[in-house]
Amino acid sequence: MPMSFSRGKKRIRLATVAFACLLVSACGTSKEQLLATTASQVQLRSIQTRAFDTTDQEKTLRTIIATMQDLGFVMDHADYTLGSVSGTKLDRSGLQNYTLRMSVTVRPRGGTQLLVRANAQFNLVQVEDPEPYQQFFTALGRAMFLEAQQVD
Amino acid sequence: MSRMWRTVPGSFAWLLLLSACATQIPKEALRLAPESLPLRQLQTRRFDTGDEKMLLAAGAAILQDLGFTLDASETRLGVLVASKDRSAVEAGQVIFSLLAAFAGAAVPWDQKQKIRASLVTRPTGTERPSVLVRVTFQRIVWNTQNQISKMEPLDEPRFYQEFFEKLSKAVFLDAHEF
């Protein structure tokens, strides 16, 4: 009896150590997060980008800000020269509080269009699901009275 | 005893799984909800003037009156960002925590908060120039264990009514409902 007890104990200790090793190896060093992305960059760029038939950068940026406010964001920063704005949404889904940060940039494409790119971060992860971006661009297109065009 | 230890890795695995669930963005997070319109009306007023910069400067002054410090601004786009750090202690929570402590349970209470505000102006109107001003507030609350206990928008109508009353007085213009 004492024999089997000690063997059991040893096995559990081994399992715990193995589990700890697994945890450690899964994380690697957290510095690697700096350049880490999970989806392919080309795919992500296409999910996050739309083209609009306008060259009015100021009006586009102002409409982006208004749309973000409609979606519950409080603005963090805006820069006309760089064509960038960012904001934070603090909300609750079910029992969970969450932080959603999003930055949106605008730049000219050819002589007739503007490219709008949005990238969002939900709590500690990058948003790679196409649906939320699609919803954002639908709302933005409606506010701009222009169609958000997919870019290849 | 050994059974108890055996459950430890199991519970860790569950915790990991649970934390993985929390990384999924809710489907409605970037969807324009029907309640966004009444919220927009609550947070927006129209001022009959063509002077957007004057409104922006007055907005900054009101935020300063309320104890906010300015974090960022972009006049060309009509954006002001401000925040303030304040106490979040509420007597009710402290009493509850003390009662719980007598019963042997350690319940933290809310200790400090960061309130954030953004004010955005937008020219509108084709015949008569006017400017829309929209202000939005949110806060993060930390408890006595330095954990975040709340992250929420501040949507109570009285905050917005009072803010726009002050702004209206400062610029000598009526704040029209949007």
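I began with strand S1 of chain A (residues 49–52), which runs antiparallel to strand S5 of chain A (residues 113–122) and is joined to it by four bridges. The model I consulted is a predicted one. Within this pairing I looked up A:Thr49 and found A:Arg117 as its bridge partner in S5(A).

I then noted that S1(A) also pairs with strand S7 of chain A (residues 149–150), in the antiparallel sense and over two bridges. Here A:Ala51 stands opposite A:Gln149 of S7(A).

Next I turned to the contact between the chains. I recorded 40 residues from chain A and 34 residues from chain B. On the side of chain B that touches chain A, the elements giving two or more residues include helix H1 (2–21), helix H2 (36–43) and strand S4 (110–124) of chain B. I noted that H1(B) provides the largest share of that side, five residues.

Last, I looked up B:Gln64, which I located in helix H3 of chain B (residues 52–65). Is B:Gln64 buried or exposed? I recorded B:Gln64 as exposed, because 12 other C-beta atoms lie within 10 Å and the cut-off for exposed is 12 or fewer. I also checked B:Gln64 against B:Arg134, 70 residues apart along the chain: their C-alpha atoms are separated by 17 Å.

Terms used:
Residues numbered from 1 in each chain as written. Chains lettered and ligands numbered in written order. Predicted model: local features only at pLDDT ≥ 70, side-chain atom pairs only at ≥ 80, totals over all residues. Buried ≥ 20, exposed ≤ 12 C-beta atoms within 10 Å, placed from the backbone. Contact = placed C-beta atoms within 7 Å. Pairing = 2+ DSSP bridges.
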